[in-house]
Amino acid sequence: KVKRRYSEFAEFHEQLIREFPPIDAKSLPPKKLLNNSSADFLHRRRLALDNYLKYLFQYFTNNALPLPE
């Protein structure tokens, strides 16, 4: 299990949309500012971030691009 802060995903996303404009800028789930430590919220955000990573993987593989690091 790898732990990442939301800000790391946000920085990565900003870099990707600069380098690959076709990536949907709204594909990264939004950050919730209030009440963001509840177990339910964290679970839902984890699922949303998992879907985001799957979206990126599909984008890169469908376009025969190397995966970013």
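Residues are numbered from 1 along each chain as its sequence is written. Because the model is predicted, local features need pLDDT of at least 70 and side-chain atom pairs count only at pLDDT 80 or more, while totals for chains, interfaces and linings use all residues; side-chain values use heavy atoms, with hydrogens and water left out.

Helices are DSSP runs (H or I, at least four residues), numbered from the N terminus. The two helices concerned are listed below.

| Helix | Residues | Residue discussed |
|---|---|---|
| α1 | 6-19 | Ala10 |
| α2 | 39-62 | Arg45 |

Helix α2 has 24 residues and reaches 34 Å from its first C-alpha to its last, close to the expected 34 Å; the expected span is 1.5 Å times one less than the number of residues. Its buried residues are Phe41, Arg45, Leu49, Tyr52, Leu56, Tyr59 and Phe60, where buried means under 20% relative accessible area, exposed over 50%, and partly exposed in between (1.4 Å probe, protein chains only). The cover over these residues includes α1. Just after α2, Ala64 takes a positive phi of about 50°.

Leaving aside residues up to four places away in sequence, Arg45 touches Tyr6 and Lys31, contact being heavy atoms within 4.5 Å.

Ala10 counts as partly exposed because its relative accessibility is 24%. The C-alpha atoms of Ala10 and Pro29 are separated by 9.3 Å, and the two residues lie 19 residues apart along the chain.
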